[in-house]
Amino acid sequence: MAPRTRCATTPSSGPRARACSRRPARWSRPTRRSTPTPSGRPPLPESKSVPGTPVSAASAIVRFDDVVKRFSTSSGVTTALQGINLAIDRGEFVAIIGPSGCGKSTLLRLLCGLEQPTEGRIEWPGRKGADPVRFGVAFQEHRLLPWLSIEQNITLPKLMKGRTAAQDLERARALCKMVGLEGFEKRLPSELSGGMRQRASFARSLFVHPELLLLDEPFGALDALTREQIIADAERIWMEQRFAAFLITHSISEAVHLADRVIVMSARPGRIAAEIAVNLPRPRTEQMLNPEYSRLVAELRRHLEI
Ligand SMILES: Nc1ncnc2c1ncn2[C@@H]1O[C@H](COP(=O)(O)OP(=O)(O)OP(=O)(O)O)[C@@H](O)[C@H]1O
């Protein structure tokens, strides 16, 4: 039987081949932590991805089975994604990286239901009845409404329903504090720096207590220093809350800093070319000096052919 995914840049034997995702549709059970999380919540996976080990229905929040996505336009049909088999576990941080146009945003849009697969299935194993999984989304552009204060922007889902309770404002304030915006709750977006607006956008994505956080290059447009600070904060917040996260990024260092697993996509039609488990200890702020960090960066560079 042909492999479900193929590695475009990896030889058929040797260490690189082991990273290649020639594996069945269901992947990898995480190793469980024995130490409590800083928030005191139940322990969740620290790092994972043993090639060929199936993800159980109980641990996966979402699973793509042989998903194909084609777009039909007046100028023809584009196959954006081909043969995607991917499972994301509860509490797992997955980063996705690949060349422009390889289908990363299409994957994200499939995840939040803005697109439907042309072939294959997307399953939500833990979903009860018609209850949707709670999503948070943050984009490269902050998408804050300019006429609303930061706390109003954060509570927007409730504001739109016309009922912002005291506890919602309390949560908005707590989120502002969490992302380093304490004291700026009443400000308008135009009164904040670019990095602060991005922090506010990140806080807004957390407002709904997401089970799955979708991050479409949210730190991509920031200057290097601000970006480093926000990434460190994002990791801390994820460690405290342990939602599942799906991060689109063009930055190898960002992927290695944040993710338990980095998925490398090949050029269009997008396929999963490789899956790299990141087993570095957290928090990873100091890990750049770790030889394993350099090894992972080099491995990802090889897969991306840069
Ligand atoms: N609504 C659409 N209609 C037609 N084609 C589309 C649509 N959305 C995406 N595509 C095509 O699907 C392919 C994948 O696009 P997608 O935006 O997912 O790539 P990407 O990896 O996110 O790119 P980038 O890194 O540049 O943002 C591209 O060829 C794009 O032109």
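## A first look at this predicted model

Of the 306 residues in the protein chain, 40% count as buried, where buried means that 20 or more other C-beta atoms, placed from the backbone, lie within 10 Å of a residue's own. This is a predicted model, in which local features need pLDDT of at least 70 and side-chain atom pairs count only at pLDDT 80 or more, while totals for chains, interfaces and linings use all residues. Residues are numbered from 1 along each chain as its sequence is written.

The secondary structure comes to 9 helices and 9 strands, taken as DSSP runs numbered from the N terminus (helices are H or I with at least four residues, strands are E with at least two). Among contacts between residues at least 6 apart in sequence, 71% join residues at least 24 apart; a contact here means C-beta atoms, placed from the backbone, within 7 Å.

**Around the ligand**

Which residues are around the ligand? They are Phe71, Thr73, Thr78, Ala80, Ser100, Gly101, Cys102, Gly103, Lys104, Ser105, Thr106 and Arg268, each counted if its C-beta atom, placed from the backbone, lies within 6 Å of the ligand.

H2 gives the most, with 3 residues. By class, the shell has 3 nonpolar, 7 polar and 2 charged residues. Here Ala, Val, Leu, Ile, Met, Phe, Trp, Tyr, Cys and Pro count as nonpolar, Asp, Glu, Lys and Arg as charged, and the others, Gly among them, as polar.

Gly103 sits in the loop between strand S3 (93-97) and H2. Gly103 is buried, with 26 other C-beta atoms within 10 Å. Its C-alpha atom is separated by 5.4 Å from that of Ala80, 23 residues apart along the chain. Leaving aside neighbours within four places in sequence, Gly103 is in contact with Ala80, Leu81, Met265, Arg268 and Gly270.

**A pair of helices**

Elsewhere, let's visit helix H6 (residues 194-206) and helix H7 (residues 224-241), which pack at an angle of about 20 degrees with their axes 10 Å apart. Axes are lines fitted to C-alpha atoms over the stretch in contact, and angles run from 0 to 180 degrees between N-to-C directions. H6 and H7 are therefore roughly parallel to each other, a label for angles under 35 degrees. In this pair, Gly195, Gln198, Arg199 and Phe202 of H6 meet Thr226, Ile230 and Ala234 of H7. By class, that contact has 3 nonpolar, 3 polar and 1 charged residues.

Conventions
Angles under 35 degrees count as roughly parallel, over 145 as roughly antiparallel, 65 to 115 as roughly perpendicular and the rest as oblique. Two residues are in contact if their C-beta atoms, placed from the backbone, lie within 7 Å. A residue is buried if 20 or more other C-beta atoms lie within 10 Å of its own, exposed if 12 or fewer, and partly exposed in between; C-beta atoms are placed from the backbone.
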